[in-house]
Amino acid sequence: SADTNNFGVLVLRTLALMRDLEPKPKMLINLAPKGFEEDWRRATAAVERALELATHVGPDGFGVFNKKWLPGFGLVPVLAALRAHIEDHRLGDAPRADLRRWYWCSVFLERYSSTVETKSRRDYSEYKRLWNGEDITTTVMAEAAARIGSPTYSVRDSTSSASSVYSGVFCLLAINGARDWAAAEAIELQKLEDHHIFPQSYLNKRGFDPKRDKAAINSIVNRTLISDATNKIISDKAPADYVVDTRVFPQPATDLVGPHFIDAAALSSMMAASAGSEGSVLREVYERFSVSREGAIVSEIRRACGVTKSAVPPADESDLDDEQ
């Protein structure tokens, strides 16, 4: 909400963390006045630096190319306080890499979607201890190893930017160099939106039910960044048709779709989805596409999080649940 996500509140929560306090509303109201002005300046600079880092589209940033794609304001105070600690103590590359892993794990675990105060204090404290030389596995990395590393980890249920997973995938697309297929310019130079890869109207006309199949149609695995102009050309066309349309792909699709986490198998499925495909045949094609693209997305998520895939799922992941 505006009350909890405005800049001033983010600064206050950052200030509380930097004083090693839990950033609960009651604590923010009762912050001790001694040194407040200096602490406020430090926290303000830290939040500005964190937002600079978040909006940087590159391997060192977090790809928030438009503010609507920020995967949750709850991350910002922790990012700000930890980045300030790194810079104040002139720490090296390893803590910066730790911070990037913390960020992406938090995004793809949806760790800061609710009740963020206790998690914020815990994460801030644990990473300070880690960087002070303690041999610990942080809570977030243990949880990520169990969940994101699990062979059952899936992102298919993410269908809107209300999910930090959904927003996080689009930030990864930006960092990965995804461009509009027709314009082929950097994301900063184009107004790109999330659009369907298998057009919604194409699927609906061929046996997909708008209500029953809504989640499958709108899944993150069927969305990518393209311009509204390109999307209008695609309209309700079959993927097999628009993939060879030079208005959509002036260059061969094989040269342009990789940064969109569309690998050869996923592109092959798109080529198999023709105007005549329908019913169970189309569902099989769409499922093959979904499996391939989700695999590419999850692989990139694990890379960003510094997590490897486990051989078998953990017996019980509930023990690692953070308090809600």
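Helix H2 (7-18) and helix H5 (75-88) are among the elements that cover the buried residues of helix H4, where helices (H or I, at least four residues) and strands (E, at least two) are DSSP runs numbered from the N terminus, buried means under 20% relative accessible area, exposed means over 50% and partly exposed lies in between (1.4 Å probe, protein chains only). This is a predicted model, in which local features need pLDDT of at least 70 and side-chain atom pairs count only at pLDDT 80 or more, while totals for chains, interfaces and linings use all residues. Residues are numbered from 1 along each chain as its sequence is written, and side-chain values use heavy atoms, with hydrogens and water left out.

- Helix H4 runs over residues 36-55, and its 20 residues reach 28 Å from the first C-alpha to the last, close to the 28 Å expected at 1.5 Å a residue, the expected span being 1.5 Å times one less than the number of residues.
- The buried residues of H4 are Asp-39, Ala-43, Thr-44, Ala-46, Val-47, Ala-50, Leu-53 and Ala-54.
- Two packed helices are described by the angle between their axes and the distance between the axes.
- For H4 and H5, the axes come within 8 Å and cross at roughly 105°, where axes are lines fitted to C-alpha atoms, for helices over the stretch in contact, and angles run from 0 to 180 degrees between N-to-C directions.
- On the H4 side, Arg-42, Ala-46, Val-47, Arg-49, Ala-50, Leu-51 and Leu-53 meet Val-76, Leu-79, Ala-80, Arg-83, Ala-84, Glu-87 and Asp-88 of H5, contact meaning heavy atoms within 4.5 Å.
- The residues of this contact of H4 with H5 divide into nine nonpolar, no polar and five charged, where Ala, Val, Leu, Ile, Met, Phe, Trp, Tyr, Cys and Pro count as nonpolar, Asp, Glu, Lys and Arg as charged, and the others, Gly among them, as polar.

**Salt bridges**

- The count comes to 23 salt bridges, each being a side-chain nitrogen of Lys or Arg within 4 Å of a carboxyl oxygen of Asp or Glu.
- One of these joins Asp-88 to Arg-42, with the closest N and O atoms 3.0 Å apart, and the pair links distant parts of the chain, since Asp-88 is in helix H5 and Arg-42 in helix H4, 46 residues apart.
- Asp-88 counts as partly exposed at 47% relative accessibility, and Arg-42 also counts as partly exposed, at 33%.
- Arg-49, Glu-52, Arg-83 and Glu-87 are linked in a network of salt bridges.
- Another salt bridge is formed by Asp-123 and Arg-111, whose closest N and O atoms are 2.9 Å apart; because Asp-123 lies in helix H7 (residues 116-131) and Arg-111 in the loop between helix H6 (93-108) and H7, the pair ties together parts that are twelve residues apart in sequence.
- Asp-123 is buried, with a relative accessible area of 0%, and Arg-111 counts as buried at 3% relative accessibility.
- Arg-223 forms a salt bridge with Asp-194, their closest N and O atoms being 3.2 Å apart; Arg-223 lies in strand E2 (residues 223-227) and Asp-194 in strand E1 (residues 192-196), so the pair ties together parts that are 29 residues apart in sequence.
- Both Arg-223 and Asp-194 are buried.

**Positive phi angles in loops**

- Arg-90 is found in the loop between H5 and H6, and has a positive phi of about 50° although it is not a glycine.
- With a relative accessible area of 77%, Arg-90 is exposed.
- Phe-261 lies in the loop between helix H14 (253-256) and helix H15 (264-272), and its phi is near 60°, a positive value in a residue other than glycine.
- Phe-261 counts as buried, at 6% relative accessibility.

**Two further helix residues**

- Thr-230 lies in helix H12 (residues 228-234) and is buried, with a relative accessible area of 3%.
- Not counting residues up to four places away in sequence, Thr-230 touches Asp-180, Ala-182 and Val-248.
- Ser-299 is found in helix H16 (residues 279-305) and is partly exposed, with a relative accessible area of 44%.
- The C-alpha atoms of Ser-299 and Lys-309 are separated by 8.8 Å, and these residues are ten apart along the chain.
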